[in-house]
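Student: Before I rely on any label in a structural description, I would like to see the value set beside the criterion. Could we work through a case in that way?

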Amino acid sequence: MTSFPQPSTIVRPDDKRYPSLSRGFNQRWIAQPEYVRMVRSSEEARDALEEAVRETPRNPDRTRITVRSGGHCYENFVCGDDVRVIFDVTQMCGMYFDSHMDAYCVEAGASNWHAYSHLYPMSGRALPGGSCYSVGLGGHITGGGYGLMSRQFGLTVDYLYAVEVAVVRQDRTVELVVARRDDWNHDRQELWWAHTGGGGGNFGLITKFWFRDLPQPPSRVRLAGIAWDWEGFTKSDFTALLDSFGAYFRDHQDPHTAPGKLFALLALNHHSNGQIGLTAQVDIDDEDGVATMDAFLAQINSGMTAEPTAMRTFMGERPSLGHLKIPRDMPWLTATQVLDSSGEDRCGKYKSAYMRKPFDTKQIDAMWSHLSKDGPYRDYSNPQSLIQIDSYGSAINRPPRDTAARQRDSIMKMQYQVYWTKNDPRESKYLDWIRKTYQATFAATGGVPKVGAPHTKDALTDGCYINYPDVDLDDETWNKSGQKSPTLYYKDAYSILQKVKRRWDPLNVFRNSQSIRP
């Protein structure tokens with residue numbers, strides 16, 4: 001048991017730290033909790049949580065207890081108006097090999113950057129997680145976790161061996177539970193399973209993760225960043241670009257080959273940005289890696305009259321990579337640092353989609369209409385409006401075991417993004433753009449990327465990513481598919497997640513507008 005000479009820090013509204021700790025990455029959401037409590041150990045988290053659940057709220061409109069690690073929740077699930085207490089676990093960021101577990105322990109307050117800058121130098125191993133350095137692992141892992149290495153190695157949860165969670169019992173006492181993949185107790189084994197894609201903030205206060213058989217990232221990668229200017233970019237170019245991108249990842253789904261390892265990110269910025277961008281990375285420890293990058297870039301540019309050029313502008317959350325028009329070889333960790341960004345201090349709205357096949361003509365037409373000067377948003381001006389398309393599948397679609405992350409036959413993942421400065425009077429216009437662009441793309445399935453029936457080979461889409469939450473999915477104005485967020489996020493896993501919720505959070509302490517309903 002870890003002990004500290006002083007009690008954990010409690011930050012109240014009169015504390016100068018309060019404004020910083022009662023908000024997250026997305027400046028749309030600023031909470032006014034009674035207090036923020038900084039916890040430093042599992043035992044401290046358990047005791048502080050028990051104290052909190054026994055308190056009487058001062059304001060009956062603020063009753064929720066939430067947990068913050070990196071603070072990157074896109075909706076108001078952590079920093080909402082109804083939050084009474086925020087537990088900040090960022091001081092719990094240790095990483096070490098646990099000989100008792102025969103696994104690497106990662107504390108829940110660590111970030112992606114901790115995993116790369118601490119775990120990798122120590123062990124030569126890495127989590128195949130995200131590229132935004134400040135994203136907290138407590139939420140990232142539990143939603144599935146993916147990044148530039150996932151086509152080569154799979155999702156982060158594919159390596160999760162155990163999780164430690166502080167859970168609230170029916171009598172309001174709090175218990176620290178360690179749940180293992182191979183747990184002899186079925187309830188605990190299901191609790192572990194729920195953390196392999198069931199989302200954060202649903203079952204308890206997570207304190208630790210343990211991972212086994214983590215992969216070794218390549219010693220070197222080739223990194224490229226190119227762009228195409230919107231000026232002179234035609235619909236024919238746009239169609240060829242999306243056709244080539246989709247076809248490449250449809251046709252290269254073997255993680256044992258260099259093309260099956262290659263990751264690419266296509267940033268379809270609104271025309272007011274000036275450019276469309278592409279970032280790509282491939283393992284060049286593989287002898288076919290360099291040739292694979294050359295072939296990929298050649299295929300992407302085939303069929304277009306527009307000439308590739310250097311990036312001159314930002315690409316959503318990501319910086320411009322103007323120095324990478326000529327692909328460069330560098331150590332894997334160096335490349336990760338080059339790509340690392342969390343964006344600026346701003347407000348944002350996000351939407352997601354899993355694509356099982358390349359885009360059809362109607363989807364391409366809808367995206368072109370809402371991004372170019374040829375459609376209803378020709379006079380709209382926000383250069384931080386984009387549709388980001390990530391390569392997907394390969395090792396992700398060959399999981400070593402069953403997990404709660406159910407989207408396992410997609411070839412691309414989409415993230416719709418729009419950003420603005422707080423108090424910008426045009427906020428409603430930005431929200432209108434992202435909602436109508438998304439709705440138009442998936443008009444054939446009720447405005448959202450509907451989940452197809454099991455084993456339906458012709459289904460084009462496969463739902464949404466829980467780590468990019470979107471409350472519009474439960475609003476009939478924007479979703480007319482008949483499928484709400486539980487199905488779109490979790491598919492057939494939802495009924496088991498509900499069972500886990502009833503067993504381990506019977507008082508529904510950990511809740512938000514899209515949490516698992518007991």
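The dialogue below takes a few labels in turn and sets each beside its criterion.

Tutor: Please keep in mind throughout that this is a predicted model.

Student: How do you know which side of α9 holds its buried residues?

Tutor: The buried residues of α9 are Gly289, Thr292, Met293, Phe296, Leu297 and Ile300. They cover an arc of only 130° around the axis, and therefore they lie on the same side of α9. These buried residues pack against β10 (220-229), α7 (235-251), α8 (258-261), β11 (263-269) and β12 (275-283). Just after α9, glycine 303 takes a positive phi of about 85°.

Student: Why is isoleucine 300 called buried?

Tutor: The label needs a relative accessible area under 20%, and isoleucine 300 has 0% relative accessibility, so it counts as buried. Isoleucine 300 belongs to helix α9, and, leaving aside its neighbours within four places in sequence, it is in contact with Trp228, Leu241, Ser244, Phe245 and Leu278. On the α7 side, the buried residues include Leu241, Ser244, Phe245 and Tyr248.

Student: Why is the pair of tyrosine 248 and phenylalanine 296 called edge-to-face?

Tutor: A pair of aromatic rings is described by the distance of the centres and the angle of the planes. Rings pair if their centres lie within 6.5 Å, and planes over 60 degrees apart count as edge-to-face. The centres of tyrosine 248 and phenylalanine 296 are 4.9 Å apart and their planes stand at 70°, so the pair is edge-to-face. The pair links distant parts of the chain, with tyrosine 248 in helix α7 and phenylalanine 296 in helix α9, 48 residues apart, and both residues are buried. A search of the whole structure finds 28 aromatic pairs.

Student: What makes arginine 346 count as lying over the face of tyrosine 419?

Tutor: Arginine 346 lies over the face of tyrosine 419, at 3.9 Å from the ring centre. Arginine 503 likewise lies over the face of tryptophan 504, at 3.9 Å from the ring centre. As for tyrosine 419, it belongs to one aromatic cluster with Tyr74, Tyr146, Tyr350, Tyr354, Tyr392, Tyr465 and Tyr468.

Student: How do you know whether asparagine 467 is buried or exposed?

Tutor: Buried means under 20% relative accessible area, and since asparagine 467 has 18%, it is buried. Asparagine 467 sits in the loop between α12 (427-441) and α13 (485-490), and a polar atom of its side chain lies 3.1 Å from the backbone oxygen of histidine 140.

Student: What makes glutamine 407 buried, and which backbone oxygens does its side chain reach?

Tutor: Glutamine 407 has a relative accessible area of 5%, and it is therefore buried. Glutamine 407 is found in the loop between β15 (385-391) and β16 (412-420). Its side chain reaches the backbone oxygen of leucine 488 at 3.3 Å, while the backbone oxygen of tyrosine 489 lies 3.4 Å from a polar atom of that side chain. A polar contact requires N or O atoms within 3.5 Å.

Student: Why does tyrosine 380 count as buried?

Tutor: Tyrosine 380 counts as buried because its relative accessibility is 10%. Tyrosine 380 lies in the loop between α11 (361-371) and β15, and a polar contact of 2.8 Å joins its side chain to that of serine 385. Leaving aside neighbours within four places in sequence, the contacts of tyrosine 380 include His270, Val418 and Trp433.

Notes. Residues numbered from 1 in each chain as written. Predicted model: local features only at pLDDT ≥ 70, side-chain atom pairs only at ≥ 80, totals over all residues. Heavy atoms only, no water. Buried < 20%, exposed > 50% of the residue type's maximum accessible area, 1.4 Å probe, protein only. Helix = DSSP H or I, 4+ residues; strand = E, 2+ residues; numbered from the N terminus. Arc of directions from axis to C-beta. Contact = heavy atoms within 4.5 Å. Phe/Tyr/Trp six-rings, centres within 6.5 Å; stacked < 30°, edge-to-face > 60°. Lys NZ or Arg CZ within 6 Å of the ring centre and 35° of its normal. Polar contact = N/O pair within 3.5 Å; in protein donor to acceptor, adjacent residues only side chain to side chain.
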